[in-house]
Amino acid sequence: MTNVRAEAARLVESIPEPVRLELAATPAQAIEAHWELAVTAADTLAERGAGGWCDGMSITDAGIIMFRPTGNRRQNFTLLHELAHHLVDSDDDCINWIADRPESAKELEQICDQIAASILVPSDKLDSILVCKPPSAPLWQALYDTSAASWSACAVALAQRLPCDGFIAVVNLDTSTVMFSARSRATRPYAWAGDRIPAGHPLRQADPPALTVAWWPYPDRDRRQFYMSTIKARDHAYAVFAENDLWAVTRFHQPDQAREDRGYHGTVTCRNCRYSGPTRMWPCNDCGQPPCPRCKECGCDQREQAISRSMCKSCTVSVPYNQLVDGLCTGCRD
């Protein structure tokens with residue numbers, strides 16, 4: 001069965017092992033040596049639309065990977081994440097699979113994160129840290145301390161070893177904001193970069209508890225219970241969420257009765273394609289509107305189209321993009 005993890009693994013396995021070792025050691029040099037790509041440092045970069053890693057950007061048509069030079073492990077993860085975008089863009093099967101997914105932008109970022117993490121944190125390294133134990137925040141730190149991978153790369157690698165639904169998040173305690181996250185399986189709900197920590201959540205505390213029963217909200221404000229393992233380093237918290245009590249947090253376990261299928265049941269009226277009816281697609285974290293099941297656009301996409309402008313091919317007047325039909329503005333169509 002094809003999923004994010006399987007697609008990432010397939011693309012990683014297409015890279016010869018000696019090249020993967022080069023990429024882990026010197027990513028910039030290895031990228032330029034084995035792909036027709038130029039790696040270029042840039043001072044400022046825009047954030048990706050899906051809220052993914054924002055220290056890099058790939059322009060595959062021009063053969064360029066740009067990155068913000070941080071001079072640390074984070075830079076290596078950024079470079080390999082951007083190489084992953086190039087690998088995906090060059091693979092028709094992966095492109096076609098992503099295009100049909102309800103959260104295509106987010107799942108693209110997750111595939112690229114997993115490709116980068118798999119190169120930086122190979123399976124044997126994970127095995128040596130876990131030693132048949134479930135992932136936890138202290139083991140996340142141990143993996144970071146004994147490898148050359150960033151916190152984010154270690155998070156992505158560990159998330160794939162969670163034996164149940166769950167996710168891993170880096171949280172800025174000063175702003176109560178999720179800085180990075182990685183989820184296991186198709187966990188719902190889950191944290192995403194840019195999300196605010198909900199009011200009353202244990203991660204809102206100045207010193208979050210090392211082990212506790214926690215939760216994460218669904219888009220409709222309902223909650224799902226998780227167990228949480230946390231460590232704090234300066235102004236950041238590193239938290240592992242798991243559906244099952246992997247760390248013996250409590251003796252009594254009441255079954256979670258809510259949302260057994262973890263599915264979303266809602267309706268949507270799309271101003272773009274005029275669809276109106278039921279949807280199983282989860283609401284966007286930014287605009288709160290579910291993407292349309294027909295055209296896959298949410299309120300964010302529609303707002304972007306409304307403010308984007310393009311030139312009418314007949315009169316050459318610049319008009320809002322969504323007013324063009326076959327390249328013609330309203331006046332020229334009349």
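This is a predicted model: local features need pLDDT of at least 70, side-chain atom pairs count only at pLDDT 80 or more; totals for chains, interfaces and linings use all residues.
**View 1. The salt bridge between E107 and R101.** The side chains of E107 and R101 meet in a salt bridge, with a distance of 2.8 Å from N to O. A search of the whole structure finds 7 salt bridges.

**View 2. The salt bridge between R161 and D127.** In this pair, the closest N and O atoms of R161 and D127 are 2.9 Å apart. The bridge links distant parts of the chain, with R161 placed in the loop between helix 9 (151-159) and strand 4 (166-172) and D127 in helix 7 (residues 123-130), 34 residues apart. R161 is partly exposed, with a relative accessible area of 27%, and D127 also counts as partly exposed, at 43% relative accessibility.

**View 3. The salt bridge between K232 and D207.** Here the side chains of K232 and D207 meet at 3.1 Å, taken from N to O. K232 is partly exposed, with a relative accessible area of 41%, while D207 counts as exposed, at 55%. Elsewhere, salt bridges that share partners join E7, R10 and D91 into one network.

**View 4. Helix 4 and its surroundings.** Helix 4 (residues 73-89) has 17 residues and reaches 25 Å from its first C-alpha to its last, which is close to the 24 Å expected at 1.5 Å a residue. Of its 17 residues, 14 are buried, and helix 4 is therefore largely enclosed by the rest of the structure.

**View 5. The nonpolar cores and the contacts of W140.** The largest nonpolar core has 61 residues, of which L23, L83, I111, I115 and W140 touch the most other members. Helix 9 gives the most to this core, with 8 residues. Leaving aside residues up to four places away in sequence, W140 touches W151, C154, A155, L158, I168, A169, V170, Y238, A239 and V240. A second, separate core of 17 residues includes A169, L173, Y190 and W216.

Terms used
Residues are numbered from 1 along each chain as its sequence is written. Side-chain values use heavy atoms; hydrogens and water are left out. A salt bridge is a side-chain nitrogen of Lys or Arg within 4 Å of a carboxyl oxygen of Asp or Glu. Helices (H or I, at least four residues) and strands (E, at least two) are DSSP runs, numbered from the N terminus. Buried means under 20% relative accessible area, exposed over 50%, partly exposed in between (1.4 Å probe, protein chains only). The expected span of a helix is 1.5 Å times one less than its number of residues. A nonpolar core is a set of buried Ala, Val, Leu, Ile, Met, Phe, Trp, Tyr and Cys residues joined through side-chain atoms within 4.5 Å. Contact means heavy atoms within 4.5 Å.
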